[in-house]
Amino acid sequence: MKVRIGDIDVHYEEVGEGRPLLIHHGGGAVGCAQWALEQYEPLFGHRKHWRRIYIDQMGHGETPIPSWARGMDDTVDLTLAFMDAIAPGERFTLSGVSWGGYVARGVLHHRAEQIDGFFIWVPNYKYDGSDPAIPAHHAFTHEPGFDSAAAPGQEWLGNFMIDQTATGFAEARRVIYAGAAKNGDRSVFDLGPGKGFSFDPEDLPKPFPGPALILCGRQDNVTGYELPFLTRNTFPRGTHVVLDRCGHLMGVDQPLLLSALANEWLDRVEEYVGLNQLGAG
């Protein structure tokens, strides 16, 4: 599906009906709406009343980079215009993974009064990579022959894996490349290189009152795990969890805990907005 925003068509995938849940994929060559759909849809097998909206952010999937884009602020501005176009005047729930968690934080900064729930996992907190607390890569297991298990062009996965086995690599490849974009444009990361938002995403008029969930991996060598706890007062109804034996590939390292905690968050949001009274759950 596509919607015209300014001078570009923004592509998105949509599943279900009901309250809008806007989901932001991770960044890079495999980041796209279809990838996010593959990760999130198993959460909704027994749930009603959710309209899941998976946006292709600019430079990812089928959404091009607009000629006017200069930095991360523009990614958020495009997302806000997208929200107004597909669900004008409606309330949203937000989620995002990795770089998409950073974008979601920017959206929350501008539209907190319109948001009922917030969930980010393995989120970027310092877009410029300056976070000194990011741990070094650590592998709990390394199987002989692992280094030859990667297909050409997929060797980079080993740098993020905590269980370096042929079986583990096959699972990582399945999860990471499920629904992966065919035409992602990494030049989106060259917009204002080394710069994040021009604003502090934690600078909200008041603490966010809705149910929140922030999940980090203790061995995440991409985005770390410490900075989200420094902002815990922003989310008085927030669950902050650091999972051991978990790197940046949380869907590979801890899929059962990721699913359980995400489902518990959805339960809390449904209670918060009264969806349980409509028969959800």
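How many cavities of 30 Å³ or more does a search of the whole structure find? In this predicted model, the search returns 1 such cavity, and the space inside the largest cavity amounts to about 30 Å³. Its lining is formed by Leu 21, Tyr 40, Leu 43, Phe 44, Ser 95, Phe 119, Ala 262, Trp 265 and Leu 266. Helix 7, which spans residues 255–273, supplies the largest share of this lining, with 3 residues. Sorted by class, the lining of the largest cavity comprises 8 nonpolar residues and 1 polar residue, with no charged residues.

The second largest pocket has a volume of about 340 Å³, and 16 residues line this pocket, with Glu 38, Gln 39, Tyr 40, Pro 42 and Leu 258 lying nearest its centre. Two or more lining residues are given to the second largest pocket by each of helix 1 (33–40), strand 6 (115–121), helix 4 (166–177) and helix 7. Of the contributing elements, helix 7 gives the most, with 4 residues. By class, the lining of the second largest pocket divides into 10 nonpolar, 3 polar and 3 charged residues.

In the loop that runs between helix 1 and strand 4 lies Gly 45, which is exposed, with a relative accessible area of 74%. Although Gly 45 and Met 58 are 13 residues apart along the chain, their C-alpha atoms are separated by 29 Å.

Strand 4 itself contains Trp 50, and this residue counts as buried because its relative accessibility is 0%. The side chain of Trp 50 is joined to that of Glu 270 by a polar contact of 2.9 Å. In the loop between strand 4 and helix 2 (72–86) is found His 60, a buried residue with a relative accessible area of 1%. A polar atom of the His 60 side chain lies 3.1 Å from the backbone nitrogen of Gly 28.

Two residues other than glycine adopt positive phi values and are described here in turn. Ser 98, whose phi is near 55 degrees, is placed in the loop between strand 5 and helix 3 (99–111) and is buried, with a relative accessible area of 12%. Val 122, which has a phi of about 40 degrees, is placed in the loop between strand 6 and strand 7 (141–142) and is likewise buried, with a relative accessible area of 1%.

The loop between strand 8 (163–164) and helix 4 holds Thr 165. When neighbours within four places in sequence are left aside, Thr 165 is in contact with Thr 141, Glu 143 and Phe 146. Between Thr 165 and Leu 191, a separation of 26 residues in sequence corresponds to a distance of 37 Å in space, taken from C-alpha to C-alpha.

A search of the whole structure for disulfides finds 0. The cysteine sulfur closest to that of Cys 246 is in Cys 216, and because the two sulfurs are 9.1 Å apart, they are too far from each other for a bond. Cys 246 is buried, with a relative accessible area of 0%, and Cys 32 is also buried, with a relative accessible area of 4%.

Note on methods:
Residues are numbered from 1 along each chain as its sequence is written. This is a predicted model: local features need pLDDT of at least 70, side-chain atom pairs count only at pLDDT 80 or more; totals for chains, interfaces and linings use all residues. Side-chain values use heavy atoms; hydrogens and water are left out. On a 1 Å grid over the protein atoms alone, a cavity is a set of points where a 1.4 Å probe fits but cannot get out, and a pocket is an open set with protein on both sides within 12 Å along at least five of seven lines; lining residues have an atom within 4 Å of a point. Grid points are joined across faces, edges and corners, and a volume is the space filled by probe spheres set on the points. Ala, Val, Leu, Ile, Met, Phe, Trp, Tyr, Cys and Pro count as nonpolar, Asp, Glu, Lys and Arg as charged, and the others, Gly among them, as polar. Buried means under 20% relative accessible area, exposed over 50%, partly exposed in between (1.4 Å probe, protein chains only). A polar contact is a pair of N or O atoms within 3.5 Å; within protein, one must be able to donate a hydrogen and the other to accept it, and residues adjacent in sequence count only if both atoms are side-chain atoms. A disulfide is a pair of cysteine sulfur atoms within 2.5 Å. Contact means heavy atoms within 4.5 Å.
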